[in-house]
Amino acid sequence: MRHLLTLRETSESDIRFLLDTATALKEILQRPVKKVPTLRGRAMVTCFYENSTRTRTSFEMAAKIMSAEAINIAVAQSSVAKGESLKDTVRTLQALQADCLVVRHPSSGAAHFIASQVRIPVVNAGDGRHEHPTQGLLDLFTIRQIKGELQGLEVAIVGDIAHSRVARSNIWGLTRMGARVRLVGPRTLLPADVDRLPVQVYTDLRSGLEGVDVVNVLRLQTERMEKGLLPSLREYSRLFGISVQSLRVARPDVLVLHPGPMNRGVEISDEVADGACGVRSAVEEQVTNGVAVRMAVLYLLMGGGGMSGQD
Amino acid sequence: MRKVLTGGRVIDPSQDLDRAADVVIEGDRIAGIVAPGEAVGDAARIDVRGKVVTPGLIDMHVHLREPGFEYKEDIESGTRAAASGGFTRVCCMPNTRPAIDTAATVRFVLERAAQVGAARVHPIGAATRDMQGDVLTEMAELKAAGVVAISDDAFPLQNAETLRRVMEYCAMLDLPLLTHNEDRALTHRGAMNEGYTATVMGVPGMPRVAEDIAAARNILMAGCTGCRLHLLHISTAGTVALLRQAKQQGLPVTGEACPHHWVLTEEACQGYNTDAKMNPPLRTPEDCQAIREGLADGTIDCIVTDHAPHAEHEKRVEFDAAPFGIIGLETSFALVYTTLVRPGLLTLPEAIARMTVAPARVLRLPDGAGTLRPGALADITVLDLDAVWQVDRDRMVSRSKNTPFHGMELQGRVVCTLLGGQVVPVERPE
Amino acid sequence: MDAEDVRRALTRIAHEILERNHGAGNIALVGILTRGVPIAERLAQTIQRIESTPVAVGRLDIGLYRDDYAHRPTVPIAPSAIPFDVTGKQIILTDDVLFTGRTVRAALSALLDIGRPASIQLATLIDRGHRELPIRPDYVGKNVPTARQEHVRVLLQEVDGEDRVVLRKPSG
């Protein structure tokens with residue numbers, strides 16, 4: 001594995017390696033001195049063409065705990081504003097001797113394109129509506145940690161599936177690890193030919209949540225409404241909002257995830273977000289686990305000779 | 001000076017001709033087609049034994065990029081690519097800079113083509129000024145200057161009222177209107193066909209119905225105005241059916257298809273391959289099948305390339321940012337022969353008809369375009385049906401390399417063309 | 001060495017540890033993964049048998065502290081498990097073979113990141129020489145003079161199904 005671009009193209013054994021490594025590395029986060037020397041002298045460059053303080057900070061934490069330099073290119077103020085092409089920008093970063101590029105870009109496939117242009121490992125930190133593999137991994141990690149294993153679990157992904165890279169990474173990662181995936185959302189937010197994905201599709205929340213072990217709630221971008229894909233947030237919230245009430249049909253030990261940032265009162269109620277009223281919400285653990293998973297990714301990709309025992 | 005092409009198989013669909021014969025050329029005109037060895041006198045003999053001789057192929061849908069985008073292609077390089085692909089005539093779309101929307105630009109293109117062209121060039125005029133969809137161009141002047149059609153290619157007319165006025169003008173001037181059929185409200189940010197592949201890739205899609213709705217509207221408006229309508233680069237089964245129905249109703253509608261739309265599917269975009277990004281986009285196997293059937297039953301009149309050169313620096317970018325379009329002149333005949341004729345969907349004369357006499361009729365091209373009748377300009381294509389070759393993007397005559405057919409093995413190749421009786425050798429870049 | 005030799009060596013080391021540290025009161029054993037761990041566990045059992053005092057045992061993965069990360073394939077990281085506070089303890093670090101000293105160097109760094117032991121002592125079943133760092137074992141089961149290219153393999157019941165030490169000449 002040279003890059004991490006998608007979970008669709010990541011093998012079960014690589015996913016397992018990353019989750020196991022993240023489990024081992026998470027221990028470091030609990031130490032008083034959160035630092036290991038593993039990646040000393042290495043430089044991870046984050047290059048975000050879309051704002052995302054959360055993801056970028058998580059990668060920076062991961063790099064710094066592993067003793068790598070974490071350098072952020074403030075894209076908006078840099079050469080992009082001067083019309084430099086993505087190809088030239090990433091080649092320049094490589095020439096500056098970066099050891100790993102972490103890229104967020106609004107265009108689907110941008111990470112693939114960058115990987116084709118440079119010799120150093122590329123981590124996709126979200127490309128358009130395509131994939132967000134480290135988010136997918138941290139969701140798998142969180143579910144596995146709390147539920148014990150992924151095999152056989154029934155997981156509902158609820159909300160704006162069409163525009164969601166988190167949904168796509170979850171679908172491929174979860175199904176590869178043996179979980180069953182349901183997609184739940186209004187017809188206008190489901191992608192074309194959705195029934196050809198390895199999932200079950202529901203446009204009714206109640207039947208979609210019936211008997212599920214895990215609910216992954218997607219963020220609803222409010223501009224979806226402005227583009228005429230939804231009548232109103234109020235109606236969306238009533239039909240698809242995750243509340244203590246709507247979770248009643250799920251399994252009693254149902255686990256709720258949300259990639260953040262949350263729109264409380266829209267796709268998720270306050271009680272569910274805060275894990276009140278007996279709801280098992282893992283929203284904060286997801287953030288911590290994100291650092292552990294990204295440490296594992298950097299450990300795997302920035303090593304000298306690929307993975308031991310595999311090619 | 002008299003020339004004779006001897007020993008070939010002559011196929012001229014305009015006169016229903018397919019037999020071993022010699023073609024006699026007098027000056028820049030066809031003098032006649034005679035039985036093998038019958039031509040007498042002191043003629044220069046061009047030996048075409050084992051080859052096929054056809055009227056010069058016509059591609060009524062290309063983008064030559066001059067004026068304005070000469071770094072992609074210009075009239076010289078584009079017509080050389082055309083000649084290497086067996087074409088003696090091409091019709092160039094108006095989306096240049098400035099656009100072909102004034103008589104001056106038309107004359108510029110014609111003059112350049114006369115000076116440097118390795119094939120004849122017929123400009124197509126814009127429907128609205130600078131293709132903005134607002135103000136009609138001075139179509140009568142465009143026609144007088146030499147345009148053979150009016151088109152909104154690349155900037156499809158969205159407003160039905162504007163479309164109506166353009167069609168009324170075209171009908172009055174007896175010019176065909178060539179429409180790119182796309183309802184932009186349905187495709188606005190799309191970069192490939194809407195469907196499973198786009199869903200997995202996370203690329204905004206362009207639904208097939210967006211083409212069908214626009215085609216249906218344009219057909220209805222043609223019926224209303226009496227304008228001769230030609231549907232450009234048909235890519236969906238729905239539009240093939242609409243065209244078939246329109247013809248059954250006797251409406252003045254014709255249509256064309258490009259090889260990529262029946263050879264490739266949306267899956268060619270996988271890996272974010274920008275050389276498979278074009279508009280209309282590559283569709284599904286069902287659409288490919290419908291286009292093949294439409295060509296076989298004559299619903300689709302013409303085969304074109306929509307040759308759309310783009311520079312490497314424009315195509316080697318993220319998928320969203322890449323421009324639409326691929327080159328096609330140098331692969332067109334081989335694709336037709338390999339994917340339509342050899343599998344038996346079309347006979348060779350039927351395929352040649354769709355690349356010669358059919359576009360000549362749709363556009364009413366002058367000077368005996370698309371025929372080998374005596375008196376016609378001696379524009380001839382010589383084909384080798386046995387040659388097997390591999391498409392190599394780095395060995396294109398075109399200034400651009402954006403082909404999705406790179407590496408594909410094809411059968412059938414152009415030996416040379418004759419333009420007004422003069423041999424134009426095929427270039428084979430190393 | 002056969003199984004009996006290994007047993008005798010570990011019993012002797014257990015006695016030496018107790019003697020040097022004046023009993024088992026403040027000691028804890030930390031085995032370096034993989035084969036240092038069963039050695040630590042066996043020493044702990046022996047010490048407990050002699051002193052009737054339980055001794056804490058931890059396991060340490062030094063993968064994150066290796067100095068050759070840039071040049072070798074990435075190895076899986078096993079969770080370290082040190083179920084006690086190392087600060088103030090006499091830590092006995094155990095491994096199967098002491099060679100260049102680089103593994104021990106990494107283990108020292110890893111331990112010091114976790115806390116501040118009173119002292120760290122080093123026990124090894126085999127010392128084969130060829131040190132590349134100024135590291136010296138406190139307890140040695142057996143000194144085995146070797147050529148640099150030779151391989152020393154320690155097999156342990158818990159990991160390999162038998163107790164044995166084999167010396168192999170480089171093949172080819």
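This is a predicted model: local features need pLDDT of at least 70, side-chain atom pairs count only at pLDDT 80 or more; totals for chains, interfaces and linings use all residues.
View 1. The domain assignment divides chain A into domain 1, which covers 12–132 together with 288–301, and domain 2, which covers 134–285. Taken over C-alpha atoms, the centres of domain 1 of chain A and domain 2 of chain A are separated by 26 Å.

**View 2. The area buried between the domains.** Where the domains meet, 28 residues of domain 1 of chain A are in contact with 27 residues of domain 2 of chain A. About 2,300 Å² is buried between domain 1 of chain A and domain 2 of chain A, and carbon and sulfur atoms give 56% of this area. Within domain 1 of chain A, the residues that lose the most area to domain 2 of chain A are A:Leu19, A:Arg129 and A:His132, which together account for 29% of what that side buries.

**View 3. Salt bridges and polar contacts between the domains.** Two salt bridges are counted between domain 1 of chain A and domain 2 of chain A, and 16 residue pairs are in polar contact between these domains. The elements that each supply at least two residues of the side of domain 1 of chain A that touches domain 2 of chain A include helix H1 (12–29), strand S3 (100–105) and helix H11 (283–301) of chain A. H1(A) gives the most to that side, with nine residues. By class, this side of domain 1 of chain A has eight nonpolar, nine polar and 11 charged residues.

**View 4. The side chains of A:Asp20 and A:Arg144.** These two side chains meet in a salt bridge, at 2.9 Å from N to O.

Definitions and conventions: Residues are numbered from 1 along each chain as its sequence is written. Chains are lettered from A and ligands numbered from 1 in the order in which they are written. Side-chain values use heavy atoms; hydrogens and water are left out. Domain bounds come from an automatic or database domain assignment. Contact means heavy atoms within 4.5 Å. Buried area is the accessible area (1.4 Å probe) that two parts lose on being put together, summed over both. A salt bridge is a side-chain nitrogen of Lys or Arg within 4 Å of a carboxyl oxygen of Asp or Glu. A polar contact is a pair of N or O atoms within 3.5 Å; within protein, one must be able to donate a hydrogen and the other to accept it, and residues adjacent in sequence count only if both atoms are side-chain atoms. Helices (H or I, at least four residues) and strands (E, at least two) are DSSP runs, numbered from the N terminus. Ala, Val, Leu, Ile, Met, Phe, Trp, Tyr, Cys and Pro count as nonpolar, Asp, Glu, Lys and Arg as charged, and the others, Gly among them, as polar.
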